[in-house]
Amino acid sequence: IGFFVIFPILSIITFTLGVDTKNVVLFKWLIILGNVFWLIHDIHVMSYVAVAFDILGTITNLIGIIRIKKSKREVKRPLF
């Protein structure tokens, strides 16, 4: 099977550990970490369509984190 079989397993472990968290930003970071593990595996097995989706999933989760952080900063500003 080889060494690269460890990456999907690591992805499943990170997702399982973070699936019941109430912190959305932490959950998105765990999804990104899982996507990176899958990206490494998909490059190794030459599944280029999956590589594209791994990259897109990572980018969209990063955008989500940025939007969440930005909206939290805007809420903390004083009204006057």
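Hi everyone, let's start on helix α3, residues 48-75, which is where Arg67 sits; helices here are DSSP runs of H or I with at least four residues, numbered from the N terminus. Before going on, this is a predicted model, where local features need pLDDT of at least 70, side-chain atom pairs count only at pLDDT 80 or more, and totals for chains, interfaces and linings use all residues. Residues are numbered from 1 along each chain as its sequence is written, and side-chain values use heavy atoms, with hydrogens and water left out.

How confident is the predictor? pLDDT is its confidence in each residue, from 0 to 100. The protein chain averages 90, and 91% of the residues score at least 70. Confidence is highest in helix α2, residues 24-44, at 95, and lowest in α1, at a mean of 91.

Back to Arg67. With a relative accessible area of 63%, Arg67 is exposed; that word means over 50%, buried means under 20%, and partly exposed is in between, with a 1.4 Å probe and protein chains only. Patch residues have over 30% relative accessible area and no salt bridge, with like charges joined within 9 Å and nonpolar side chains within 5 Å. A salt bridge, in turn, is a side-chain nitrogen of Lys or Arg within 4 Å of a carboxyl oxygen of Asp or Glu.

There is also a nonpolar patch on the surface, formed by Phe3, Val5, Ile6, Ile9, Leu10, Ile13 and Leu17, with about 640 Å² of accessible area together. One of these, Ile13, lies in helix α1, residues 6-18, and is partly exposed at 41%.

Over in helix α2 we find Leu39, which counts as partly exposed at 22% relative accessibility. C-alpha to C-alpha, Leu39 and Pro8 are 9.4 Å apart in space, while 31 residues apart in sequence.

Most residues other than glycine have a negative phi. Met46 is exposed too, with a relative accessible area of 57%.

Terms used: Helices (H or I, at least four residues) and strands (E, at least two) are DSSP runs, numbered from the N terminus. Accessible areas come from the Shrake-Rupley method with a 1.4 Å probe; for residues, only the protein chains shown count as cover. pLDDT is the predictor's confidence in each residue, from 0 to 100.
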